[in-house]
Amino acid sequence: MGLNIREIIPRKDIEISDLKGKTICLDAYNVLYQFLSSIRQMDGTPLMDSRKRVTSHLSGLFYRNVSLLSDGLKLVYVFDGKPPLLKGKTHEIREEGRDNAVKKYEEAKDSEDISGMKRYSSQMIRLDKEMLDESKELLSAMGIGVIQAPSEGEAEAAHLARIKEEVYASASQDYDSLLFGAPLLIRNLTLAKKRKTFSGYVEVKPEIIDLDKVLNGLEINLDQLICLGILIGTDYNPKGIPGIGQKRALDIVRKYKQPVLIFESLEDQMMNLSEQDRFDWKEIFKLFHQHDVKDEDIIFSKIDENKIKEILIERHEFSEERVEKQLEKLRGVKEKQKQKGLDNWI
């Protein structure tokens, strides 16, 4: 779901090469759901092995991350821990959406509507413990850092980007990272390089968003940005305040400036919300400022080719030839790391 402030946020396209040698903390759940929804067969069903175990996420993690590692990036995946109680409404909405998608998928299947099957199947995805455990296992075997957040992964990634000198930025498709104070946010990092549209394929470039430039450009501070997000709708109050879009929310936070005055000016609209959609803005505001995070050390394990083969080829029947080609690239990454280590001693 996530916060949508795309229309008002300044951003800059970058090349992957601009990130060479830099450490990026990724919101793991965001990336996994992205792979699960996009890496699918023609009828919309995810990739699976012969035992009907979903492998779309493993395919995405392996092939896309090998590419990024080969380009010289250092990657750290941050996994969600216990969700805050305030996220309950979002989970309810997502469950309702999945249940509805299942019904529509079956209807499309009965009528042999392939495009409908593909559309609705991507809305049915769920992450289970086995998928998460294997994702962590594969990432570690690839020499990628893995961190378990106490709560929201994107909050932890933003925190590490703030406090760790070696972390350049956090990466997510969601703008919520900015509300958690991520100094630099990278979007489109793990997306395919080309996206299909009605008029053909378009190039998809990573883009970087600088929080300081956002605040200066919008002429607001972080408190006001958080309030703006709450007005539009976050994961903690998904519907926000109906009738208030991105530009109007910006006008409101600029006019009233202080959080208390901002929400006092909208007291009538907030009281008119249904009981289900009502929210305590102070609780949400506090959550963005004082989220449950920890000062985790970043550790990169050694690349373990045997473990990669065991997970992908032996467990899930990936093509040995295709996996081997990617392992050749990883060997190149390993050699570059060794050479850099030697250079540091000279």
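**Aromatic rings and their surroundings**

Tyrosine 29 is buried, and phenylalanine 79 is buried too; "buried" here means under 20% relative accessible area, with exposed set at over 50% and partly exposed in between (1.4 Å probe, protein chains only). The model is a predicted one, so local features need pLDDT of at least 70 and side-chain atom pairs count only at pLDDT 80 or more, while totals for chains, interfaces and linings use all residues. Residues are numbered from 1 along each chain as its sequence is written, and side-chain values use heavy atoms, with hydrogens and water left out.

Now to the rings. A pair of aromatic rings is described by the distance of the centres and the angle of the planes. Rings of Phe, Tyr and Trp (its six-membered ring) pair if their centres lie within 6.5 Å; planes under 30 degrees apart count as stacked, over 60 as edge-to-face, and the rest as tilted. By this rule there are six aromatic pairs. In one of them, the centres of the tyrosine 29 and phenylalanine 79 rings are 6.5 Å apart and the planes sit at 80°, so the pair is edge-to-face. Tyrosine 29 belongs to helix 1 (residues 28-38) and phenylalanine 79 to strand 3 (residues 74-79), so this pair ties together parts that are 50 residues apart in sequence. Helices (H or I, at least four residues) and strands (E, at least two) are DSSP runs, numbered from the N terminus.

Phenylalanine 62 and tyrosine 63 make another edge-to-face pair, at 5.1 Å centre to centre and 65° between the planes. Phenylalanine 62 counts as buried because its relative accessibility is 0%, and tyrosine 63 is buried with a relative accessible area of 16%. Elsewhere, ring pairs link Phe180, Tyr236 and Phe288 into a cluster.

A charge sits over a ring if NZ of Lys or CZ of Arg is within 6 Å of the ring centre and within 35 degrees of the ring normal. The charged end of arginine 322 sits over the tyrosine 63 ring, 4.6 Å from its centre, and that of lysine 136 sits over the phenylalanine 79 ring, 5.1 Å from its centre.

Then there are the strands. Strand 5 (residues 167-171) is mostly covered, with four of its five residues buried. Strand 5 pairs in the parallel sense with strand 2 (residues 23-27) over four bridges; two strands pair if DSSP finds at least two bridges between them. Threonine 23 has valine 167 in strand 5 as its bridge partner.
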